[in-house]
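User: I would like to go through this model term by term, setting each value against its definition. Please take the structure below as the starting point.

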Amino acid sequence: MSALETVSDYISDVRTLLQDTIAPNRYDDASLLVALNVTLLETRRVRADLFVFQHHDRVPSFTAVNTVEVRFEQPFRLALVYGTAAHALARDQEDVQDARSASFMRIFYDMLLGVRVTGIGAPQQQGAA
């Protein structure tokens, strides 16, 4: 099995990006599941073509952090991780999270739309392909 196959895989990787890997976790499972489900909805809005064949044009939704498979195109799986982390950070009440959330959200969109991804905090290059 490759990385990012199950709901648990996604939530674990999101926790790594959020630097939330030591118990007690700052973000509970329920809030990260909401973030994953909302990210899937946003992905459907932006890239409906990713849902046509695998999901019969419907957006999957998950209710527990478990070993249920998240069927999604491999090249776009990491985008779901960044989108989920961005959503979790956006819901956080600390102002310092806003910049991280915006960076993660930009990476999410860049990955979905095929734009060259720059590093977190790196300036966007004008005219870069």
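User: Which residues of the largest nonpolar core touch the most other members?

Analyst: This is a predicted model, in which local features need pLDDT of at least 70, side-chain atom pairs count only at pLDDT 80 or more, and totals for chains, interfaces and linings use all residues. Residues are numbered from 1 along each chain as its sequence is written, and side-chain values use heavy atoms, with hydrogens and water left out. Among the 30 residues of the largest nonpolar core, those touching the most other members are Val7, Tyr10, Leu18, Leu32, Leu40, Phe62 and Phe72. A nonpolar core here is a set of buried Ala, Val, Leu, Ile, Met, Phe, Trp, Tyr and Cys residues joined through side-chain atoms within 4.5 Å.

User: Why is Arg77 called buried?

Analyst: Buried means under 20% relative accessible area, exposed over 50% and partly exposed in between (1.4 Å probe, protein chains only). Arg77 has 8% relative accessibility, and therefore counts as buried.

User: What makes the pair of Tyr82 and Phe104 edge-to-face?

Analyst: The structure holds three aromatic pairs. The ring centres of Tyr82 and Phe104 are 5.4 Å apart and their planes stand at 80 degrees, so this pair is edge-to-face. Rings of Phe, Tyr and Trp (its six-membered ring) pair if their centres lie within 6.5 Å, and planes under 30 degrees apart count as stacked, over 60 as edge-to-face and the rest as tilted. Both Tyr82 and Phe104 are buried.
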